[in-house]
Amino acid sequence: MTIPMMSSDASAAATLPAVTAAPVPEPREGATAATTADTSWDDLVAQVREAGLYPTEEQAERVTRAVLAALGEHVVGDERVDLARALPEEAGRIVAAQVPAHQAPAAAEFVNELSRRLPNATHATARWDTTSVLGVLPGLVGDDLTHRLLAQLPSGYALLFGQAELVRAA
């Protein structure tokens, strides 16, 4: 995937109008301006396809939709709103459209739930699918939001997001 480079020419910035139609979002900690402002649904699916080594865009899109819908059921409060806003519009709608459950399941049960949603999925393939989608999210939403999401979810989810599982000392 090629990411367009922004011009650093100061004279180009001087020609921009003083008021823009929409504010440019501030880059989140751990994410670059290109990932936060320029990522589209197609870019997200392409990243998932690459991460999961899926043979087709359709398969990557199906998996992305299923995992984001499952995640949307288990994230609540400000983190849910911030996640929906940080993702590409289509992905944010998928997250926001879900009815939140009262309590998020353990990470293993989350994967089991996903295996029941995806046709012909096993626990192993559902775990692959889950990590393929959730593993690209930290690069899109930034470290701060990723840590806030993980603080809200039961232990074990960090590995699904491709993050180290930190354990507090007793």
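The model is predicted. The protein chain contains 11 helices and 0 strands. Its mean pLDDT is 81, and 75% of its residues reach 70 or more.

**Confidence along the chain**

- Among the elements of the protein chain, helix α3 (residues 41-52) has the highest mean pLDDT, at 98.
- Helix α1 (residues 10-14) has the lowest mean pLDDT of these elements, at 35.
- The pLDDT is below 50 over residues 1-36, and this stretch has 25 contacts in the model beyond near neighbours in sequence.
- Where pLDDT is low, the predicted coordinates should not be read in detail.

**Overall make-up**

- The protein chain has 170 residues, of which 39% count as buried.
- Of the contacts in the protein chain with a separation of 6 or more, 67% are between residues 24 or more positions apart.
- The protein chain exposes about 9900 Å², and carbon and sulfur atoms supply 57% of this area.

**The pair α4 and α6**

- Two packed helices are described by the angle and the distance between their axes.
- The axes of helix α4 (residues 57-72) and helix α6 (residues 89-96) come within 7 Å and cross at roughly 45 degrees.
- The crossing of α4 and α6 is right-handed.
- On the α4 side, the contact is made by Arg-65, Leu-68, Ala-69 and Gly-72.
- On the α6 side, Glu-90, Ala-91, Ile-94 and Val-95 make the contact.

Technical notes:
Residues are numbered from 1 along each chain as its sequence is written. This is a predicted model: local features need pLDDT of at least 70, side-chain atom pairs count only at pLDDT 80 or more; totals for chains, interfaces and linings use all residues. Side-chain values use heavy atoms; hydrogens and water are left out. pLDDT is the predictor's confidence in each residue, from 0 to 100. Helices (H or I, at least four residues) and strands (E, at least two) are DSSP runs, numbered from the N terminus. Contact means heavy atoms within 4.5 Å. Buried means under 20% relative accessible area, exposed over 50%, partly exposed in between (1.4 Å probe, protein chains only). Accessible areas come from the Shrake-Rupley method with a 1.4 Å probe; for residues, only the protein chains shown count as cover. Axes are lines fitted to C-alpha atoms, for helices over the stretch in contact, and angles run from 0 to 180 degrees between N-to-C directions. A crossing is left-handed if the near helix is turned anticlockwise from the far one by less than a right angle, and right-handed if clockwise.
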